[in-house]
Amino acid sequence: MTRIAVIATGGTIASTATDSGVVATRPAANLVERAGVSGIDTEPHDLMTVGSYCMDLHHLRLISDAVAELLNRTDDPVDGIVITHGTDTLEETAILLDLVHDDPRPVVLTGAQRASDSPDADGPRNLADAILVAGDTRSREQGVLIVFAGQVLPARGTRKTHTSSLAAFSSMSGCPAGQVRSRAQDGAPILAGAAGARRPTPPLPRPTNTFDNTRVDLVEMYPGADDTLMRAAVAAGAKGIVLAGTGIGNANPVVVDAARDLVTRHDVAVVLSTRVPQGPVAGVYGNGGGADLVAAGIPAASGLPATQLRILLALWLSQHEFDASQIRSMIARYANDPDDPK
């Protein structure tokens, strides 16, 4: 029988209402029982019970370690892994796992938008779908997936795009990798286009303890932005900055000068993203726009949202000394779509 490990980390899917608000309380075994999946051997594991808005890089590394331990287990091996997770930062954990995933077996993340004691809780259905997708042979060789509200999404480029809708996640590519459209009479999922082809990038080394304290800050552009937040981040110990520009990836002359100074004089990795949910990032505009940033040595990243780009940069900087050319090559390989303009 197919064996799927379910790692519980907390989040809304495990939460119940209390006098002080909705709080994660339910263990993995209870979540699995409520999902009601038959025909698959589920193995619950309680790793942590944390709202994902409280997670830091240390928590993400612990999840990565738990996944690796289960995949490396030789006695009674698992056929796939499901992780229940809070939705607020699920996209960050998903990209870390995908960047280091080097195994054909699927790793699937899911969660919920409604607390588990809500009369119309969406967690049981999402978890049931995730277990079924993880146990489906068509999900192999697809890296890390997110299963939510009937959609099967690739970890890379997927972000939370609605605060309360049950369909909370969207892919930057604009289309899901598959769908759990309905249930056949035997309870098996019907996957439409199950998991698109995963981009063949070599896995990065798994995070070590150094990752926990590698500071990378996310700085968003807005009318009147200057270099204050960027320099404050560096003063606080940031080794890297993800600049979420306006539009296709723009800033202003003050920010361009600061970015150039941080890269050339202070060995700080600065990478250009956008605050816009979809579309490429490219050096098009001058006078403080993306063209000036790229000319200043700031690589533009189109394949990952800024939240996921921050995780990639933190993972890289936790394992490498600063090297501007290596960072540009890394961004081109792991954070850009080959068909997007730069």
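**Entry 1. Domains**

I began with the division of the chain, which gives domain 1 (3-192) and domain 2 (214-335). I note that the model is predicted. I then looked up the separation of the two parts: the C-alpha centres of domain 1 and domain 2 lie 30 Å apart.

**Entry 2. The interface between the domains**

I asked how many residues of each domain are in contact with the other. The contact takes in 16 residues of domain 1 and 16 residues of domain 2. For the area, I found that the two domains bury about 1400 Å² between them, with 65% of this on carbon and sulfur atoms.

I next looked for polar links across the interface. I found zero salt bridges between domain 1 and domain 2, whereas six residue pairs are in polar contact, counting pairs with both residues at pLDDT 80 or more.

Which elements each supply at least two residues of the side of domain 1 that touches domain 2? I listed helix H2 (57-71), helix H3 (90-100) and strand E9 (158-160). H3 gives the most to this side, with six residues. Sorted by class, the side of domain 1 that touches domain 2 has eight nonpolar, four polar and four charged residues.

**Entry 3. Aromatic pairing**

I searched for aromatic pairs and found one in the structure.

**Entry 4. Salt bridges**

I counted 18 salt bridges. One that I examined is formed by Glu43 with Arg3, where the closest N and O atoms are 2.6 Å apart. This pair links distant parts of the chain: Glu43 belongs to strand E4 (residues 41-46) and Arg3 to strand E1 (residues 3-8), and the two are 40 residues apart.

Note on methods: Residues are numbered from 1 along each chain as its sequence is written. This is a predicted model: local features need pLDDT of at least 70, side-chain atom pairs count only at pLDDT 80 or more; totals for chains, interfaces and linings use all residues. Side-chain values use heavy atoms; hydrogens and water are left out. Domain bounds come from an automatic or database domain assignment. Contact means heavy atoms within 4.5 Å. Buried area is the accessible area (1.4 Å probe) that two parts lose on being put together, summed over both. A salt bridge is a side-chain nitrogen of Lys or Arg within 4 Å of a carboxyl oxygen of Asp or Glu. A polar contact is a pair of N or O atoms within 3.5 Å; within protein, one must be able to donate a hydrogen and the other to accept it, and residues adjacent in sequence count only if both atoms are side-chain atoms. Helices (H or I, at least four residues) and strands (E, at least two) are DSSP runs, numbered from the N terminus. Ala, Val, Leu, Ile, Met, Phe, Trp, Tyr, Cys and Pro count as nonpolar, Asp, Glu, Lys and Arg as charged, and the others, Gly among them, as polar. Rings of Phe, Tyr and Trp (its six-membered ring) pair if their centres lie within 6.5 Å; planes under 30 degrees apart count as stacked, over 60 as edge-to-face and the rest as tilted.
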